[in-house]
Amino acid sequence: MIRLIAMRELRSLLSQPSTWFTLALLQFILAWFFLARLEAFLEIQPQLVEVANAPGVTAALAAPMFNLIALLLMMLAPMLTMRSLAEERRNQTLPLLLAAPVSAADIVLGKFVGLFCFLILLSGSVPLMLYSLSFGTALDHGLMLANLAGLLLLMASFVALGLYVSALTSQPVVAAIGALAVLLGLWLADIGASASDSPWRALSPLRHFEAFNTGLLDSGDVVFFILFSGVFLLLAMRRLDNNQRYG
Amino acid sequence: MSDSHSEITLTARGLYRRFGARLVVNDVSLELRRGEVLGLLGHNGAGKSTTLQLLSGCLLPDSGEIEICGTQLLRQPLLAKKQLGYLPEIPPLYREMEVNRYLIFTARLHGINATHASAAVADCLHRCGLEGVRNKRIGTLSKGYQQRVGIAQAIVHAPDVIILDEPTVGLDPAQIRDIRGLIRELGDRHSVLISTHLLAEVESMCDRVSILHQGKVVFDGTTATLAEFGGNADSLENNFLRITGVVA
């Protein structure tokens, strides 16, 4: 059932022209950034030879690229998740799922998987571009894998949050603005906090992604992402159950 | 036609539902047998749609019990809903999907496996007269065809209990005749519960009628008893109005 709902969600996303537009624009930005960074790296490469412990191509290219896609997804994820449940409610298609023999958990997880797969598709070009460098040079696989793991966890947390906000309203635009406000708020709380150990920083997904970005796999960060996604998925399931209670 | 010995497929006992301070469904009890078409009749705002939402599991009652083919809907919703097909007031259609794909999706959503789904959908397209538009996007269809897709969605998995909320709204006379024929035909094999405010619909399709008024069941009997109500053999319309207190 989860797979069935996920496939429908993915199909419905791909049937929207705006999705393809987003996809194309994002690929363009990423490719541009990749080439610009590569050019800059090639320019300073002769000077790097003289420096002891100079950053390799992975640190100079992959880390900023992953950082960029993380930031871009923070703004894009709400636009993609906004429709998931809000539009079902607005178009009155939710009764189809509620009257069918599927649980709220199936519905929420199905939508989550569908959207998550789409975000993987959206960001898939980043590792592909970076791995294309391995034709000419040796890459730091540890750093790449840490970044990839971090990106997957980060996307899961964005989708879970977006789904929950989408479950709260029947207006997709409100869902998008709401999710974006929460994500931006958490981000600003992080970069605005003056003390480096401020508890506000611990709330921001992007802050937890930073450790992965530098190649550090911290179980605390992994737990944070799992808890963050889990809590919002559970809240979304509860919201759907309450739908039957309050109409 | 119904006979009192056939199996009971849907039972509702003592349903109550309020929205805020307003009691919308007030002690409603219903019984539906296999091979029977039950019409739920009432004025606008009588609580018909809410009752059907309760029976379909989309809305939880404040109190009361619902049993579908021997399974408690509130205790084992996933099992009970397998035997249920539901068309809400506004058909739940994904406008960007093609008719064929949409029906396969809904069939599989109701637990039909992939190998049987396409045969079930082909049969259903034929019964609902949708073969000509099977590859069209739902959003491009006319209202009447969309309504048919909505009905198709409710019957594609051959459920024992079919609940249709005003299935003929917005159709032209020829389509209404077709849909009525279809519902009559469905009533032979399954149990059908339809809500309507059209008496002609009740007369032509239903074996039994329940009249809802201000959330209460004020009449429950065969179509013939409604015609004979209170000893005056009158038109259904006059008896309906008499029961709901519009005329004395």
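In what order do the strands of the open sheet of 6 strands in chain B come? The order is E6-E7-E8-E3-E9-E10, with mixed pairing; strands pair if DSSP finds at least two bridges between them. Keep in mind that this is a predicted model, where local features need pLDDT of at least 70, side-chain atom pairs count only at pLDDT 80 or more, and totals for chains, interfaces and linings use all residues. Residues are numbered from 1 along each chain as its sequence is written, while chains are lettered from A and ligands numbered from 1 in the order in which they are written. Helices (H or I, at least four residues) and strands (E, at least two) are DSSP runs, numbered from the N terminus.

**The sheet in chain B**
- At the edges sit E6 and strand E10 (216–222) of chain B, each pairing on one side only.
- From one strand to the next, the twist averages 15°; axes here are lines fitted to C-alpha atoms, for helices over the stretch in contact, and angles run from 0 to 180 degrees between N-to-C directions.
- Strand E3 (residues 37–41) and strand E9 (residues 208–213) of chain B run parallel, joined by 4 bridges.
- B:Leu38 has B:Arg208 in E9(B) as its bridge partner.
- Helix H1 (residues 48–56) of chain B lies across E3, E6, E7, E8 and E9 of chain B, at about 150° to E7(B).

**Where the chains meet**
- Chain B puts 23 residues into the contact and chain A puts in 17 residues; two residues are in contact if their C-beta atoms, placed from the backbone, lie within 7 Å.
- On chain B's side, H2 (77–81), E6 (84–87) and H3 (99–109) each supply at least two residues.
- H3(B) gives the largest share of that side, 4 residues.

- Helix H2 (residues 17–48) of chain A has 32 residues and reaches 45 Å from its first C-alpha to its last, close to the 46 Å expected at 1.5 Å a residue (that is, 1.5 Å times one less than its number of residues).
- Of those 32 residues of H2(A), the number buried is 1, so this helix lies largely in the open; buried means 20 or more other C-beta atoms within 10 Å of a residue's own, with C-beta atoms placed from the backbone.
- Helix H9 (residues 172–192) of chain A has 21 residues, and its buried residues include A:Ala175, A:Gly178 and A:Leu183.
- The buried residues of H9(A) pack against H3 (57–81), H4 (83–90) and H8 (141–168) of chain A.

Conventions: A residue is buried if 20 or more other C-beta atoms lie within 10 Å of its own, exposed if 12 or fewer, and partly exposed in between; C-beta atoms are placed from the backbone.
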